[in-house]
Amino acid sequence: MIFKSKIKWITLLVLILSTGSLVVHLSFTKFSRSSLLSYSTKKDGALHFPPFSDKPNVRYVRNARLWGVVKPLQSLQPYANPRSSYPVRKEKNNGYIYAKIFGGFERIRSVICDLVTISRLLNATLVIPEIQESLRSKGVSSKFKSFSYIYDEDQFIASLKNDIVIVKSLPENLKAARKRNELPTFKPKSTASLNFYIKDILPKLRKAKVIGLVVADGGCLQPILPPSMYEFQRLRCRVAFHALQFRPEIQVLGHQMVERLRGKGQAFLAFHPGLVRDTLAYHGCAELFQDIHTELIQYRRAQMIKQGILKEELSVDSHTRRDNGSCPLMPEEIGLLLQAMGYPPHTIVYVAGSEIFGGQRVLIPLRAMFPNVLDRTSLCSKQELLDLVGPEAPLPPKSLNLPPPKSDKQLQEEWKRAGPRPRPLPPPPDRPIYLHEKEGWYGWITETDTEPEPSPVDLRSQAHKLLWDALDYIVSVEADAFFPGFNNDGSGWPDFSSLVMGQRLYESAASRTYRPDRKVLAKLFNIIRDKMYHPKHNWTLSVREHLNKSLSEDGLIRQSLRSKPISFLSHPLPECSCRISSADFQTPVEGKDGRYLFGGEDKCPEWMQRGQETTTLETMEAEVKTVEIESEYENDTVQDSDESGKSSLTLAMDQDDEWDPND
């Protein structure tokens with residue numbers, strides 16, 4: 001009985017405590033009701049949100065720190081039109097110039113601009129250049145030949161009719177003379193001077209009425225011309241950014257890819273790794289890779305030394321080269337830089353480039369940090385890519401020519417030459433080599449010491465790369481932000497990223513184009529080499545400071561000093577731009593040679609300034625109208641400002657000792 005009475009008292013105590021707790025909660029609810037917001041549904045079922053408070057303490061903004069324009073460069077506008085000092089083209093010219101262009105996409109584009117400029121300089125008629133990458137390949141679609149394989153011939157001729165005369169082929173009598181090798185042919189260097197063409201080429205052109213140029217170094221005219229020749233620089237810009245239009249099929253598919261990337265209203269970033277075998281071999285970056293890839297790079301480097309392209313030792317310290325900024329950034333390093341800038345994991349990253357040395361495996365760390373890593377194969381169907389290539393004749397299957405087996409006598413001779421004794425144990429018996437292990441352009445290295453000649457399949461693949469690079473070029477130029485893994489900054493030849501950066505600078509200087517100094521970044525990565533995925537907050541701030549500076553004046557000055565002497569198209573300022581009157585404009589910066597590194601552009605004409613003001617107003621109105629729609633998909637931030645005007649997001653970041661990119 002006593003036990004039962006205790007249970008009753010305990011139960012009664014629990015009921016009393018529960019009732020007291022309920023009364024307390026109801027009291028809190030009564031006194032705090034005025035601070036709660038009530039939500040109701042509309043008749044159509046849509047959610048109804050309360051209006052914003054009159055006090056501007058809450059605002060929806062697009063993350064301008066990641067996707068916004070670079071305000072110091074907004075006054076720069078594209079303006080490659082001739083000025084009053086540009087003379088009218090002469091009706092009577094000195095003859096014809098025809099050319100053969102060797103090399104990939106970026107070299108072809110640079111050489112064509114130089115050829116047009118040289119034709120204007122020599123007052124000659126230019127024959128449509130021949131692109132050897134498409135002519136060498138057997139079985140490439142007969143629908144598109146040579147120049148028209150990637151570019152629109154009619155657009156090219158019509159756009160430059162006021163500058164030079166362009167024809168599609170030589171007259172019949174000169175064609176026959178060319179076949180008999182009776183015409184003078186020259187192989188100019190990539191930095192050939194004006195005097196070379198005026199003193200050496202022009203007399204022979206007047207005499208023979210036609211000359212041929214064979215260009216393989218990515219250019220045939222010096223990139224930087226004196227101020228008196230600025231009209232020739234503007235002609236280069238008119239060729240590169242207006243006359244050189246891709247054929248319609250490429251343009252349509254390229255802009256469809258851009259629309260698909262922005263299908264959900266989200267911005268995207270384009271990234272070009274720059275991991276090309278020739279680039280890695282030229283700069284001595286073999287040790288950044290492993291196994292067979294190191295051997296492939298070293299073999300190509302030995303070829304460059306033998307051909308006189310490179311005058312260095314075969315073996316160099318790749319890690320020292322990386323610290324000097326000579327080697328491309330690895331994809332995992334790019335991922336860490338994007339995280340440090342604040343790009344969230346769901347950011348769309350488009351990987352451009354038809355060749356990524358090392359294959360898809362080198363992109364695994366980047367994909368782990370940013371799952372939305374896409375390329376052309378992710379955005380285009382196989383049929384769309386086949387339609388772009390056009391009808392091609394089938395090629396015979398690639399057969400493997402295995403070396404003949406070694407005789408017993410040869411094996412004995414090798415054993416005698418094996419070195420001093422004691423010798424290691426003989427290797428285990430050979431296993432059979434399967435077909436899939438021999439496929440690919442690197443399979444030769446396991447059997448022979450010399451790289452074989454390109455097969456028909458290899459030649460056709462090289463021609464297809466021109467098309468893939470053209471698609472990637474369109475996407476990279478149109479991207480909301482562009483990050484180069486490697487861009488030419490003082491050595492080598494024109495590269496893909498440099499051309500993209502130059503066109504983005506010309507068309508929209510204020511667009512977000514990162515121009516990092518790889519030497520500075522190498523020092524930063526050496527600090528965290530042992531803890532790359534857990535950097536300190538100070539390291540993150542250093543990266544942000546450097547990359548933000550690279551977007552504007554500092555990046556442009558560095559690019560003008562290092563990239564422009566190799567390729568004018570990588571930095572077409574100040575010749576091909578004008579500046580709208582702006583109070584924010586700083587004093588122009590001049591280099592030691594007297595040329596402008598930043599500033600020095602002409603003042604834009606009145607009609608352009610009025611049009612720009614109208615465009616700016618329309619853009620601001622469009623941003624206001626679409627900000628709520630974009631906020632659902634964009635990396636938008638809702639910032640609650642305190643009384644001091646500092647956002648809660650900034651306060652939280654200031655309080656953190658370390659910044660976690662996944663937060």
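Glu312 is partly exposed in this predicted model, with a relative accessibility of 34%. Its salt-bridge partner is Arg301, and the closest N and O atoms of the two are 2.8 Å apart. Arg301 lies in helix α11, which covers residues 292-307, while Glu312 sits in the loop between α11 and α12 (318-323), so the bridge ties together parts that are 11 residues apart in sequence. Arg301 itself is buried, at a relative accessible area of 0%.

A second pair is found further along the chain. Glu575 forms a salt bridge with Lys564, with 3.1 Å between the closest N and O atoms. Both residues lie in the loop between α22 (553-562) and β16 (577-579), so this contact ties together parts that are 11 residues apart in sequence. Glu575 and Lys564 are both buried.

Strand β16 brings in another pair. Arg579 and Glu601 meet through their side chains in a salt bridge, with an N to O distance of 3.1 Å. Arg579 is in strand β16 and Glu601 is in the loop between β18 (596-598) and β19 (602-603), so the pair ties together parts that are 22 residues apart in sequence. Arg579 has a relative accessibility of 7% and counts as buried. Glu601 is also buried, because its relative accessible area of 13% falls under 20%.

Salt bridges can also share partners, and in this way Arg83, Glu231, Arg234 and Asp602 are joined into one network. Over the whole structure, a search finds 25 salt bridges.

Note on methods
Residues numbered from 1 in each chain as written. Predicted model: local features only at pLDDT ≥ 70, side-chain atom pairs only at ≥ 80, totals over all residues. Heavy atoms only, no water. Salt bridge = Lys/Arg side-chain N within 4 Å of Asp/Glu carboxyl O. Helix = DSSP H or I, 4+ residues; strand = E, 2+ residues; numbered from the N terminus. Buried < 20%, exposed > 50% of the residue type's maximum accessible area, 1.4 Å probe, protein only.
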